[in-house]
Amino acid sequence: WVEVIWTTIPFLILVALAVPATIVLQHIHNTEKSALTIKVTGYQWKWKYDYLDQGISFFSVLATPQDQINNNAPKDEWYLLEVDHPLVVPINTKVKLLVTSDDVIHAWWVPEFGIKQDAIPGYVNENWIYITQPGTYRGQCGELCGANHAFMPIVVQAVSQKEFNNWVQANHAGHALSQAQSAQPMTEQELLALGKTQYEKTCAMCHQATGLGLPPTFPALKNSAIVTGPLDKNLTVVLKGVPGTAMQAFDEQLDNTALAAVITYIRQSWGNKEINLTKKKPVMVQPAEIEKAK
């Protein structure tokens, strides 16, 4: 009887604890009754956010200047924790997150939200957030995802419902304006200025600010046969990527203006312009040519 008692009592205690624990776990993973659904896709090394109900889609990329990364300028308060386009969500709203990956395993992690959701290629994991206080919340990729793992931050801006609605409208208007501007020709100086900024934000992590890359994984662009050769081949590599390598397709990641600028920049930098002119190859590309190539 003693053995029965000292076995039965702990068993009943465990059952009593399991019931509320199970209810809490079900609540934690219940994404029903969400007012907003956002698909989060991890890339090396950036995040893509798709607002499935609002028709908004954009990439969120590290915005820390290369001068700070290369120790040529003082590091600010949010070093490696700032992006060009933060995720914007309304407060007091249940937001469903559909988390996946385009290449390797990542993890969407914002400590203040209490979640760390794996992003796995070929799978879609669900989670949700509910923010009560407006403000800026920061996180990082929580999975070792490659050479530039440290350069993949997350920034979430929580705003009121009215501010969120205004942001949605402004985003649609900005997209329409960008489409209209992409049809306009740009001067060489405009292309190079924008191209340098875009290159440092999007390409320098792999190919380096010097264009020397990190061979063999990230090839050099200086004196490269791709950027000192036929323009159509250069466009194909940038727009469609190179299967089986770390070179991603940028046709959907950047608009026509940004693509034209960055291609112009790499075809003119690090001595490539002189090589292209000697070979009688183009050193400048316009947004309209990008649209035609697409």
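Visitor: In what order do the 5 strands of the open sheet that includes E1 stand?
Guide: In this predicted model, strands (E, at least two residues) and helices (H or I, at least four) are DSSP runs, numbered from the N terminus. Two strands pair if DSSP finds at least two bridges between them. The pairing in this open sheet is mixed, and its strand order is E3-E2-E1-E5-E8.

Visitor: Which strands stand at the edges of this sheet?
Guide: Each edge strand has a single partner strand, so one side of each is left without a neighbour in the sheet. The strands in this position are E3 and E8 (125-130).

Visitor: What is the average twist from one strand to the next in this sheet?
Guide: Axes are lines fitted to C-alpha atoms, for helices over the stretch in contact, and angles run from 0 to 180 degrees between N-to-C directions. From one strand to the next, the twist averages 25°.

Visitor: What pLDDT do local features need in this model?
Guide: Residues are numbered from 1 along each chain as its sequence is written, and side-chain values use heavy atoms, with hydrogens and water left out. In this predicted model, totals for chains, interfaces and linings use all residues and side-chain atom pairs count only at pLDDT 80 or more, whereas local features need pLDDT of at least 70.

Visitor: Which residue in E3 is the bridge partner of Tyr-49?
Guide: Strands E2 (46-51) and E3 (56-60) pair in the antiparallel sense over 5 bridges. In E3, the bridge partner of Tyr-49 is Phe-58.

Visitor: Which residues lie nearest the centre of the largest pocket?
Guide: On a 1 Å grid over the protein atoms alone, a pocket is an open set of points with protein on both sides within 12 Å along at least five of seven lines, while a cavity is a set where a 1.4 Å probe fits but cannot get out; lining residues have an atom within 4 Å of a point. Grid points are joined across faces, edges and corners, and a volume is the space filled by probe spheres set on the points. The largest pocket holds about 1,000 Å³ of space. Of its 34 lining residues, those nearest the centre are Ser-57, Phe-58, His-175, Gln-253 and Asp-255.

Visitor: Which element gives the largest share of the lining of the largest pocket?
Guide: At least two lining residues come from each of E2, E3, helix H3 (161-181), H4 and H7. The largest share, 7 residues, comes from H3.

Visitor: How many charged residues are in the lining of the largest pocket?
Guide: Ala, Val, Leu, Ile, Met, Phe, Trp, Tyr, Cys and Pro count as nonpolar, Asp, Glu, Lys and Arg as charged, and the others, Gly among them, as polar. The lining has 10 nonpolar and 15 polar residues, and the charged residues number 9.

Visitor: How many nonpolar residues line the second largest pocket?
Guide: The second largest pocket has a volume of about 610 Å³, and among its 32 lining residues Cys-206, His-207, Met-247, Gln-248 and Phe-250 lie nearest its centre. Two or more lining residues come from each of H4, helix H5 (204-207), helix H6 (231-240) and H7. By class, 8 are polar, 2 are charged and the number of nonpolar residues is 22.

Visitor: At roughly what angle do the axes of H4 and H7 cross?
Guide: The axes of H4 (residues 188-202) and H7 (residues 256-268) come within 7 Å of each other. The angle at which they cross is roughly 90°.

Visitor: Where does Trp-45 lie?
Guide: The peptide bond from Gln-44 to Trp-45 is cis, with omega near -5°. Trp-45 is placed in the loop between strand E1 (36-43) and E2.
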